[in-house]
Amino acid sequence: MEKQSSFEKLENFIRKTLVPVANKVDSNPYLTAIKKGMVVMTPVLLLGSIAAIFPSIPEFIKTAAVANWFETYGYIFGIISKVSLGLVGLYAVLAISYFLSESYKLYTVGSMMLSAIAFLIVAMDVDENGNIIASYLDSKGLFTAIFVAIITVKIYQFFTKHKLVIKMPEGVPDFVSSSFELITPTATIGVLFIVIRTLVDSMTGGVLLPQVIMNVLAPAIGSLDSLWVIYPILCLRLVFWFFGIHSAVLSPILSPIAVQYLSENIAAHEAGQPLTHVITNGTLSAFANFTGSGVTIGLVLAMLISKSKRYKKVGAVGLLPSLFGINEPVLFGVPIILNPVLMIPFIFGGAFVGMLPMIAMKLGLLNYPIFDPPYVPVFMEGFLTGFDWRAIIIQVIQVALSFVLYLPFFKVLEKQELEQEQKNVEAHHTVLSDEDAALLGDIDF
């Protein structure tokens with residue numbers, strides 16, 4: 001039996017351990033619903049970010065007209081912020097319950113309503129005058145929203161599966177029949193979450209469930225702001241990519257925290273307080289995935305100046321997509337995936353170069369993120385994340401580091417490819433063997 005190389009042993013180990021876990025995560029209905037629900041939140045976060053940025057305009061455009069307009073109508077941005085970021089927990093419970101109920105083929109509108117009722121019971125409060133206190137309907141209620149959505153949809157599924165619902169006669173319109181079907185699960189969920197609310201109140205002296213959950217999760221959530229935690233997480237995302245698995249399998253874990261961090265940064269920005277969080281979906285996209293996962297722009301540039309025809313073509317094809325953060329042509333065209341030569345620069349080097357702007361934030365050399373930019377080219381995306389022109393300088397440094405990082409490893413691939421190309425040229429010029437050529441020469445036509 002042929003002896004396996006160290007890389008083959010590592011590949012087999014990963015395939016036996018990491019790949020099955022990734023497949024289970026990717027096919028898990030709860031995690032899939034969370035992942036999709038967080039993606040749906042993008043417009044809400046975008047709207048809230050814009051509302052936080054616009055009040056800063058008078059600081060840059062110092063005219064009487066601008067100052068008067070913001071003094072008169074500036075409250076509009078406060079309203080936008082309250083109905084976007086201020087209710088992000090409520091939107092999350094609606095989105096997650098929708099996707100989860102869809103996977104179970106349940107009445108989606110009904111599932112969303114049940115989850116919203118349950119979430120409001122445990123997360124909303126009222127003052128002595130009966131006014132609603134919505135303090136935990138924002139990002140502080142995000143993890144409560146996840147748990148509530150899963151529990152309520154599962155209860156609804158249990159009732160429908162075991163036929164514990166009111167069934168209307170045939171001929172009744174579907175929307176009417178579905179509404180009556182919701183009566184028993186609604187009553188059960190209402191009672192259950194009222195009991196939960198009462199128990200939590202009695203045990204904590206009036207602390208709401210979202211705060212209790214946040215207190216429990218605080219150590220894990222807070223640790224994601226540490227560079228010592230960020231680096232292995234970025235490496236893990238690239239390990240998935242290296243073995244052909246989309247790093248989105250980690251989204252159910254990372255996205256809720258990233259959404260919460262962005263919301264807290266925006267709230268601190270509006271209040272004039274110091275910002276503290278470096279991990280948001282914006283920083284992951286603009287910096288960690290700068291020009292694509294693994295910051296592969298250096299490899300693209302190395303290919304563009306390569307003597308190899310094949311790599312020069314791959315570099316030309318991959319350049320434009322890289323400027324929009326898309327590097328699948330490079331991942332699969334070189335390929336990087338399952339290529340032992342590029343394993344070290346892609347995973348460990350790519351994670352370090354991707355983390356460089358976050359190190360700059362910690363050192364006070366770059367603004368903390370307050371915006372998740374829409375789909376825009378690189379450099380512009382980095383600038384928009386924190387509205388800091390220094391991001392462009394940092395990203396130029398990322399390009400240079402990426403080139404220096406990938407070049408020596410690429411030279412190994414280039415040498416192998418040039419040798420193969422030379423063999424192909426020689427084979428093309430010697431289609432006939434020497435024996436066949438001599439035989440043909442002896443034939444008298």
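Where is the place of Trp69? I looked, and Trp69 sits in helix 5. The model I am reading is a predicted one.

**Entry: Trp69 and the nonpolar patch**

I checked the cover on Trp69 next. Its relative accessible area is 39%, so Trp69 is partly exposed. Trp69 belongs to a nonpolar surface patch of about 580 Å², made with Tyr73, Tyr75, Ile76, Ile79 and Val83. Which helices each supply at least two residues of this patch? I found helix 5 (64-73) and helix 6 (75-84). Helix 6 gives the most, with 4 residues.

Trp69 also turned up in my ring search. One aromatic cluster is formed by Phe54, Trp69, Phe70, Tyr73 and Phe77. I noted that Trp69 and Tyr73 are listed in both the cluster and the patch.

**Entry: ring pairs**

How many aromatic pairs does a search of the whole structure find? I got 12. I wrote down two of them in detail.

Phe158 has 42% relative accessibility, so it counts as partly exposed. Phe159 has 11%, so it counts as buried.

I read 29% relative accessibility for Phe383, which makes it partly exposed. Phe387 is partly exposed as well, at 31%.

**Entry: helix 9**

I tested helix 9 (residues 142-161) for its length. Its 20 residues, at 1.5 Å a residue, should span 28 Å, and I find the end C-alpha atoms 29 Å apart, which agrees. Is helix 9 mostly covered or mostly open? It is mostly covered, with 14 of its 20 residues buried. Lys163 follows helix 9 and has a positive phi, near 55°.

**Entry: Lys140**

I found two contacts for Lys140. Lys140 lies over the face of Tyr136, 5.8 Å from the ring centre. Its side chain also meets that of Asp138 in a salt bridge, at 2.9 Å from N to O. Lys140 is partly exposed, since its relative accessible area is 29%. Asp138 is buried, because its relative accessibility is 16%.

**Entry: other salt bridges**

My count for salt bridges came to 6. I followed Glu417 and Arg310 first. Their closest N and O atoms are 3.5 Å apart. Glu417 is buried at 16% relative accessibility. Arg310 is partly exposed at 32%.

I then turned to Lys411 and Glu414. Their salt bridge has its closest N and O atoms 3.1 Å apart. Both residues lie in helix 21, 3 residues apart, about one turn of the helix. Lys411 is partly exposed, with a relative accessible area of 44%. Glu414 is buried, and its relative accessibility is 6%. I also logged a network: salt bridges with shared partners join Asp125, Arg197 and Asp201.

Most residues other than glycine have a negative phi, and most peptide bonds are trans, so I looked for exceptions. Which residues does a cis peptide bond join? I found Val334 and Pro335, with omega about -10°. Pro335 is in the loop between helix 18 (328-333) and helix 19 (343-362).

Leu338 lies in the loop between helix 18 and helix 19. Leu338 has a positive phi of about 60° although it is not a glycine. At 27% relative accessibility, I count Leu338 as partly exposed.

Phe379 is in the loop between helix 19 and helix 20 (380-386). Its phi is positive, near 75°. Phe379 is partly exposed at 28% relative accessibility.

Last, I checked Glu264 in helix 14 (residues 251-270). Glu264 is partly exposed, with a relative accessible area of 28%. How far apart are the C-alpha atoms of Glu264 and Ile370? I got 9.0 Å, for residues 106 apart along the chain.

Methods:
Residues numbered from 1 in each chain as written. Predicted model: local features only at pLDDT ≥ 70, side-chain atom pairs only at ≥ 80, totals over all residues. Heavy atoms only, no water. Phe/Tyr/Trp six-rings, centres within 6.5 Å; stacked < 30°, edge-to-face > 60°. Buried < 20%, exposed > 50% of the residue type's maximum accessible area, 1.4 Å probe, protein only. Lys NZ or Arg CZ within 6 Å of the ring centre and 35° of its normal. Expected span 1.5 Å × (residues − 1). Patch = residues over 30% accessible without salt bridge, like charges linked within 9 Å, V, L, I, M, F, W, Y side chains within 5 Å. Areas by Shrake-Rupley, 256 points an atom, 1.4 Å probe, with all protein chains shown as cover. Salt bridge = Lys/Arg side-chain N within 4 Å of Asp/Glu carboxyl O.
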